Amino acid sequence: MGGRSTFGGNKRRRTTSAGHSMSEAQEGKIKLAFFVAIVGVVLTVLGMGTEFWVELSPSKFFYNNQTCLTAHYGLWKGCTKTLWVADIDPARESCGPAELPGESNCTYFKFFTTGENAVMFQKTTQKNLNVVTAMLALFSLFLMVMGAICITMSLSKEILFFLKPASVCFILSGFLVLISLVVFHQSVLALLASDHTVPLHHELSWSVSCVGCAGAVLMVGGLLFLVLALPCSPWQRCLPRRNSST
């Protein structure tokens with residue numbers, strides 16, 4: 001009878017066996033940050049699974065006046081495509097873009113099986129750089145899975161401690177994704193420098209945009225988890241001191 005009960009405005013808090021508590025507001029913030037991280041994971045998978053990382057195009061009149069050849073590739077396979085010159089923008093000097101209709105031929109790279117380099121337009125790839133790019137991307141996916149497991153355990157067990165390893169996993173995965181883009185760009189430059197018989201125009205395509213956005217989103221999601229893992233926000237820590245001093 002001497003106890004005191006509260007009604008209405010107080011938010012429900014749930015105490016875990018470890019002594020920590022998670023309010024409904026905290027749970028909602030964690031789910032929102034998890035959604036941001038999932039967006040980064042989806043963009044990463046989309047970029048890694050497609051072969052539109054870079055487009056290589058000679059002059060549209062290099063072979064003949066009717067058709068031209070363009071190529072595009074990603075981490076796992078490369079494609080060549082024959083386009084009609086009449087379909088290409090008259091203001092464009094090189095063949096492309098690869099999204100135009102035409103006859104396409106795609107083959108998987110043999111970097112991971114026989115260790116052979118690929119040859120496109122008489123230029124040879126540097127398999128070491130391509131393999132490093134793929135390994136960085138795969139390891140970043142592994143870290144994303146580990147971070148997702150930590151967040152799932154944090155929500156199911158109601159333990160805030162799992163937010164810290166999750167934030168490390170997502171921040172590191174986003175950093176590795178961005179590093180893989182740098183290594184891939186170096187592999188493209190090495191490919192272009194391997195032979196100068198056929199002058200090529202190269203441009204990074206939409207798969208790289210997906211992966212770059214994914215790296216940034218993953219790092220933002222990791223930082224959100226890191227902020228939520230703090231005992232209290234910085235402004236909540238500083239404002240009471242200012243009020244007390246006044």
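**Exercise 1. Find which residues form one aromatic cluster, then look at a pair within it.**

*Step 1.* In this predicted model, one aromatic cluster is formed by Trp53, Tyr73, Trp76, Phe109, Phe111, Phe112 and Phe184. Rings of Phe, Tyr and Trp (its six-membered ring) pair if their centres lie within 6.5 Å; planes under 30 degrees apart are stacked, over 60 edge-to-face, and the rest tilted.

*Step 2.* The structure holds ten aromatic pairs. One of them joins Tyr73 and Phe109, with 5.8 Å from centre to centre and 80° between the planes, so the pair is edge-to-face.

*Step 3.* Now place the two residues: Tyr73 sits in strand E4 (residues 67-73), and Phe109 in the loop between strand E6 (102-108) and strand E7 (119-120). They are 36 residues apart, so the pair links distant parts of the chain. Helices (H or I, at least four residues) and strands (E, at least two) are DSSP runs, numbered from the N terminus.

*Step 4.* Buried or exposed? Tyr73 counts as buried because its relative accessibility is 1%, and Phe109 is buried as well, at 9%. Buried means under 20% relative accessible area, exposed over 50%, and partly exposed in between (1.4 Å probe, protein chains only).

A note on the numbers: residues are numbered from 1 along each chain as its sequence is written. Local features need pLDDT of at least 70, side-chain atom pairs count only at pLDDT 80 or more, totals for chains, interfaces and linings use all residues, and side-chain values use heavy atoms, leaving out hydrogens and water.

**Exercise 2. Check the span of helix H4 (residues 206-229) and list its buried residues.**

*Step 1.* The expected span is 1.5 Å times one less than the number of residues. H4 has 24 residues, so it should span 34 Å; its end C-alpha atoms are 35 Å apart, which agrees.

*Step 2.* Among the buried residues of H4 are Val208, Val211, Leu218 and Phe225.

*Step 3.* What covers the buried residues of H4? The list includes helix H1 (24-49), H2, helix H3 (163-193) and strand E9 (201-204). Contact here means heavy atoms within 4.5 Å.
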